[in-house]
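The following note concerns the pockets, the cavity and the strand arrangement of the model shown below.

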Amino acid sequence: MSLLPIKIDPLTSAAFAPFGAVIEAPSDPGRVYFDETLINRRPSAQPSVSLVKRDPSAVPLDAIIMERHPFSSQTFVALNAVSWLVLVAPHAASGGPDMAHARAFLPSPSQGITFGADVWHHPLTVFDRPGRFAIFMWRDGTTGDEEFFKLDHPVRIQVT
């Protein structure tokens, strides 16, 4: 089994733009809207808000699966300060994710993300302590809600 190593970069709007949008809490009092980052490509799909708790994963992490939501964006906002992984990949010409061009990011405590519709990403993963997140997307209860892809070769994520 060969491993394709990948380094983790800080999360910036410019670096993440091909995959979605960074959402960041305002530094001054007030409210910031991120409506333009939300995508629903199915009129029958309904808004879905969920809360999830994830226990920490061991590092280094060997990613073996990716997922996508072909018709919906998916937003993640951490509800507690936790170190978490954002691993994304473009589409491969042969189908599935192109892990040779994957990118990994480590959001700051004030950042969340919105994956664009049809963006390959790793399932939610936290590193240092249990993490709680709010997740927003659209669902209609069909197989079009999400797709999982088992990688031919693991991708090693080293957190430093």
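1. Strand β4 contributes the most to the lining of the largest pocket, with four residues. Strands are DSSP runs (E, at least two residues; helices are H or I, at least four), numbered from the N terminus. A pocket is an open set of points on a 1 Å grid over the protein atoms alone, where a 1.4 Å probe fits, with protein on both sides within 12 Å along at least five of seven lines; lining residues have an atom within 4 Å of a point.

2. The model is predicted: local features need pLDDT of at least 70 and side-chain atom pairs count only at pLDDT 80 or more, while totals for chains, interfaces and linings use all residues. Residues are numbered from 1 along each chain as its sequence is written, and side-chain values use heavy atoms, with hydrogens and water left out.

3. The largest pocket holds about 280 Å³ of space, a volume being the space filled by probe spheres set on grid points that are joined across faces, edges and corners. Its lining comprises 18 residues, of which R54, E67, Q74, I135 and E146 lie nearest the centre. Two or more lining residues come from each of β4 (46–54), β6 (74–78) and β12 (131–139). By class, seven are nonpolar, six polar and five charged; Ala, Val, Leu, Ile, Met, Phe, Trp, Tyr, Cys and Pro count as nonpolar, Asp, Glu, Lys and Arg as charged, and the others, Gly among them, as polar.

4. The second largest pocket has a volume of about 160 Å³. Among its lining residues are I23, D35, T75, T114 and I135. β12 supplies the largest share, three residues. The lining has eight nonpolar, three polar and one charged residues.

5. Which order do the strands of the open five-stranded sheet follow? The order is β3-β9-β6-β12-β4, with antiparallel pairing, where two strands pair if DSSP finds at least two bridges between them. β3 (20–24) and β4 stand at the edges with a single partner strand each, so one side of each has no neighbour in the sheet. Within the sheet, β6 and β9 (residues 111–115) run antiparallel and are joined by three bridges; T75 stands opposite T114 in β9.

6. One cavity of 30 Å³ or more is found in the whole structure, a cavity being a set of points where the probe fits but cannot get out. The largest cavity has a volume of about 50 Å³. Residues lining the largest cavity include F76, W84, F115, H121 and P123. Strand β7 (residues 84–89) gives the largest share of this lining, three residues. Seven lining residues are nonpolar, two are polar and none is charged.
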